[in-house]
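Hello,

Here is the structure I promised to pass on to you. Have a look at it first, and then read my notes below.

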Amino acid sequence: MEEEAQDQQEAIIITERTVSSFAEATMDPTETPPRNLDEVEDILGYNFKNKCLLEEAFTHPSYYNTTKDYNHNKEAETKSFSFERLEFLGDAVLNFLVTKEQFFSYPDFSSGVLTRLRAANVDTEKLARVAVKHELHCYLRHRKPPLAEQIDEFMKEILEYPIHSNGLIDVPKCLADLVESIIGAIFIDSHSNIDIVWQVIRPLLEPMINGETLKTHPVTQLYEVLQKHNLKPQFVDSWKDSMAVEVLVDDQLVGRGICGSKKEIAHNRAALNALQGIQTILSAKDNSTSNDNTED
């Protein structure tokens, strides 16, 4: 019995040394050590029974993606350990819970409005805001050097849009993935108890976008405004050359948007800029129609 206990103890020590060696082999010496995940439980107000789920939820795919194979002097793929599967689950759980709440909270809303409302409360930007508001991003384990700078820029840009930008700013997707992975982890840890999940997550989502704060996407709004005047926008894509998208109406330049990271954002910014500068054309169109009616 004593020999068996000793063997078990030695096995534990060897395992701990192996894990420690792996961590040292993959850790960038200039990298800031990850913060204590126990603090996350205080933020969430939820204590995980399975701490491995908590660690998995905060592990970006870049964190354990490669390790050194010293026998062959090359890098080898390691077994996948990241939040990707939990994120997949959390996305589905969150969509269901938000749908359920909004269905009963807004009995007079059509399915179309409910769809837009749900999308606004579960999209990438909304969830990324949740992550930075509660400083969950500070605990994300990753080896993606540009990410810290991207998050800092995102935090500056959202100051201009207190609730939602509707596609006007660049959002680090991994922040939204992090929130969804947390939801998935709580769902598994609580034995699929959606009531517990919602009790933990619902306060983090505040302020929820409601019927009054729900805004129309600038591209949709532009089409709606022009359609009333029998006009149609023409988007000119010169993003590869100048990182810009322009909007023409009746061959007149009415809007321009620039974004170096994503063409879609430049497109959205161009639509917003066009909405702000299109009144001259609309007034001329209305005056022309009015004069034609007078002559008749």
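Asn268 is buried, with a relative accessible area of 4%; buried here means under 20%, with exposed over 50% and partly exposed in between (1.4 Å probe, protein chains only). Asn268 belongs to helix α12, helices being DSSP runs of H or I with at least four residues, numbered from the N terminus. Its side chain reaches the backbone oxygen of Gly167 at 2.9 Å. Setting aside neighbours within four places in sequence, Asn268 is in contact (heavy atoms within 4.5 Å) with Asn166, Gly167, Leu168, His217, Pro218 and Val219.

Before you go further: this is a predicted model, in which local features need pLDDT of at least 70 and side-chain atom pairs count only at pLDDT 80 or more, while totals for chains, interfaces and linings use all residues. Residues are numbered from 1 along each chain as its sequence is written, and side-chain values use heavy atoms, leaving out hydrogens and water.

Now to the helices. The axes of α5 and α6 (lines fitted to C-alpha atoms over the stretch in contact, with angles from 0 to 180 degrees between N-to-C directions) come within 4 Å and cross at roughly 40°. Ala120, Asn121 and Val122 of α5 make this contact with Thr124, Lys126 and Leu127 of α6. By class, there are 3 nonpolar, 2 polar and 1 charged residues in it; Ala, Val, Leu, Ile, Met, Phe, Trp, Tyr, Cys and Pro count as nonpolar, Asp, Glu, Lys and Arg as charged, and the others, Gly among them, as polar.

Enjoy exploring!

Definitions and conventions: Helices (H or I, at least four residues) and strands (E, at least two) are DSSP runs, numbered from the N terminus. A polar contact is a pair of N or O atoms within 3.5 Å; within protein, one must be able to donate a hydrogen and the other to accept it, and residues adjacent in sequence count only if both atoms are side-chain atoms.
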